[in-house]
Amino acid sequence: MGVGMLNDMKLNVKLGVGFGLLVVIACTLGGLAVFNMNGVKADSQRMAQEYVPAVDVATRVERSSMHTMYAMRGYTLSRDPAFWEQAQKELAQVNADLAAAAAHAEKYPALVKLKEGAARAKAKVDEYARLAKESNQLIEHMNSLFKGMSEAATAYMENANSFLVSQNEDLAEEIAAKAAPEKLKARQQKIAWATAVISLGNDVRIKNLRAQALDDPSLFKEALLNFPKINAMLDEIKANTKQEDNLRQIAAIRKGGADYGKAVEEYMAATLKLMEVNKSRGEVAAVVLEAAKSTAAMGMEQTSTLAKEAMDDLG
């Protein structure tokens, strides 16, 4: 009987120990599960509060930067002030997005790349704004020069055509009066010079407009080569002209040509400078875009890493 009781006690102990082990295992597994879930929670919070917003703000910087670039490109190509206003609006958005990026990086010190990227981009955006302002000043100056060109060309052509009309009228009168052949020949020579002055003036205008449309400075230079020829012909005409009205027309033609030539020279210089500024502005914009892209890529990479860690914890 004593042996039976001993066996019963051993069985009870075994059951108790086994049950105790099950409880310990269950508690351990439960503890691990809680620990892992806390890890998943922490990773999820970091994704939601740190890295996803970092990616969002970086992509906003990239998007607003590209919009600014497109607006500035439209402005430099069309000279339409509406594009300049749009560029300023987009540039303000870039600065707002960069301020948001800097604030987010300040709130979460672990976002070192975001902080560095925002600082680098901000410096380049400030430089871009300076170059954009310089571009606007050049374009406004070019628009003013274009207006001056139009006025000078009008004066040149109106006086040249009026002079040619008067010479043709004088020739007709001289023919009717049976003037001497030498006089008729001299009149015809003046008509030929006046026609050439008009033709060269038209050639200047065509080359000037082509140069502006194609951004080809070499065409400006070709246009300017006509002015010495024009002035030489005007000198010949003046030397063979006595009527005051015709002399005033010749002086007005010369002044219109001089004003137009000066405007073309200034426009060419402004075009060359604008091309230089456009190139620099493009290089600066590329740095801003690269900073935004690399920051967004870093955020996506870190988000992916945290998601994988959370999946492993749950697995």
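Helices are DSSP runs of H or I of at least four residues, numbered from the N terminus. The model is predicted, so local features need pLDDT of at least 70 and side-chain atom pairs count only at pLDDT 80 or more, while totals for chains, interfaces and linings use all residues. Residues are numbered from 1 along each chain as its sequence is written, and side-chain values use heavy atoms, with hydrogens and water left out.

Side chains of opposite charge can pair when their charged atoms come close. A salt bridge is taken as a side-chain nitrogen of Lys or Arg within 4 Å of a carboxyl oxygen of Asp or Glu. This rule gives 13 salt bridges.

One of them joins R187 and E174, whose closest N and O atoms are 2.6 Å apart. R187 belongs to helix α4 (residues 181-214) and E174 to helix α3 (residues 112-176), so the pair ties together parts that are 13 residues apart in sequence. Accessibility was classed as buried (under 20% relative accessible area), exposed (over 50%) or partly exposed (in between), with a 1.4 Å probe and protein chains only. R187 is buried at 12%, and E174 is buried at 8%.

Within helix α4, K207 and D203 are four residues apart, about one helical turn. Their salt bridge has its closest N and O atoms 3.1 Å apart, and D203 is partly exposed at 26%.

In helix α7 (residues 244-314), D259 and K255 are likewise four residues apart, about one turn of the helix. Their closest N and O atoms lie 2.8 Å apart in a salt bridge. D259 is partly exposed at 35%, whereas K255 is exposed at 52%. Salt bridges with shared partners also join R130, E134, K273 and E276 into one network.

Terms used:
Helix = DSSP H or I, 4+ residues; strand = E, 2+ residues; numbered from the N terminus.
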